[in-house]
Amino acid sequence: MSFRGESLHTYGDVREREAPPHGHRLLLIVPDPESRESLAARLAAAGYHVTSVGTGAAAMAELGDRHFDLLLVDVDIPDLHDLARNRPRLVARPPVICMTTCDALEPLLPEVGIEVEDYVTKPCRDAELLARVRVLLRGRQTSPRPCVLRHGDLVLDEIVYQAWRGERRLEVTPAEYRLLRLLLLNTGRVLSKEQLALHVWDEPRGVNAIERLVSRLRQKVDETAPALIHTRRGFGYWLGEAGQV
């Protein structure tokens with residue numbers, strides 16, 4: 001089993017200065033729904049395209065349909081044996097980061113074989129996980145990045161950094177653009193004010209700042225019906241059709 005030898009302190013600052021244009025696609029395999037949702041949202045906020053599932057069987061189905069640049073596997077999935085056995089059959093085998101407890105590390109070694117490139121111990125700290133993801137993906141060819149994000153008649157073009165609602169061009173600021181992009185990448189998923197602020201400004205901000213930004217963006221996007229930007233009181237904001245969340 002080959003783990004990377006870099007220690008955490010060599011990874012540097014894990015925060016991105018801008019929305020990262022890498023387009024890497026991650027497959028997150030975590031059995032606990034709450035943990036899976038939280039990790040997926042944090043990785044998406046860091047700019048990755050994330051697909052999340054709860055079992056090895058579901059992971060293999062996803063791997064058969066599309067390309068992923070990295071797998072993040074919680075070793076507590078119920079069918080880890082099947083995932084480890086079937087993964088070598090893939091034409092393109094993405095690298096793996098395992099999430100495990102310290103006392104489960106030794107039994108894990110023969111189970112997953114030699115194709116685990118790194119691991120983190122649970123409970124996973126966001127900074128550590130993101131640092132290891134960034135190091136492992138450094139220099140790897142990315143999946144094709146979509147040029148256009150779309151939900152209904154709302155369109156965001158990542159080549160010209162412009163958004164439209166139907167035929168109406170939205171005059172958005174850079175901060176509003178980053179906010180809209182994150183909401184579109186996470187359509188139907190509630191994102192907290194803290195997650196949104198970290199992505200938009202790369203630093204924590206007071207809740208009033210993100211509330212004002214969402215309000216300005218909502219006025220521009222939802223000038224045309226139906227409304228697409230919604231508030232989940234006590235939780236955050238989401239983009240999609242009313243009643244979807």
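1. In this predicted model, His230 stands opposite Trp238 of strand β11. The two strands concerned, β10 (residues 229-232) and β11, run antiparallel and are joined by four bridges. Three residues separate β10 from β11 in a hairpin, and Gly234 in the turn has a positive phi of about 85°. For context, most residues other than glycine have a negative phi.

2. Strand β11 covers residues 236-239, with Gly236 and Trp238 pointing one way and Tyr237 and Leu239 the other. In a regular strand the side chains alternate between the two faces of the sheet. Gly236, Trp238, Tyr237 and Leu239 are all buried.

3. Pro226 lies in the loop between α8 and β10. The peptide bond that leads from Ala225 to Pro226 is cis, its omega being near 0°. Most peptide bonds are trans, which is a reason to list this one separately.

4. Helix α8 (residues 207-221) crosses helix α6 (residues 174-185) at roughly 75°, and the two axes come within 10 Å. Angles of 65 to 115 degrees count as roughly perpendicular, so α6 is roughly perpendicular to α8. On the α6 side the contact is made by Ala175, Glu176, Leu179, Leu180 and Leu183. These meet Leu213, Val214, Arg216, Leu217, Lys220 and Val221 in α8. By class, the residues of the contact of α6 with α8 are eight nonpolar, no polar and three charged.

5. The crossing of α1 and α7 is right-handed. Ala41, Arg42 and Ala45 in α1 meet Gln195, Leu198 and His199 in α7. The residues of this contact comprise three nonpolar, two polar and one charged.

6. Is Pro123 buried or exposed? Pro123 counts as exposed because its relative accessibility is 76%, and the cut-off for exposed is over 50%. Pro123 sits in the loop between β5 (118-121) and α5 (126-137). From C-alpha to C-alpha, Pro123 and Thr101 are 7.6 Å apart in space, while in sequence they are 22 residues apart.

Methods. Residues are numbered from 1 along each chain as its sequence is written. This is a predicted model: local features need pLDDT of at least 70, side-chain atom pairs count only at pLDDT 80 or more; totals for chains, interfaces and linings use all residues. Side-chain values use heavy atoms; hydrogens and water are left out. A crossing is left-handed if the near helix is turned anticlockwise from the far one by less than a right angle, and right-handed if clockwise. Contact means heavy atoms within 4.5 Å. Ala, Val, Leu, Ile, Met, Phe, Trp, Tyr, Cys and Pro count as nonpolar, Asp, Glu, Lys and Arg as charged, and the others, Gly among them, as polar. Buried means under 20% relative accessible area, exposed over 50%, partly exposed in between (1.4 Å probe, protein chains only). Two strands pair if DSSP finds at least two bridges between them. Axes are lines fitted to C-alpha atoms, for helices over the stretch in contact, and angles run from 0 to 180 degrees between N-to-C directions. Angles under 35 degrees count as roughly parallel, over 145 as roughly antiparallel, 65 to 115 as roughly perpendicular and the rest as oblique.
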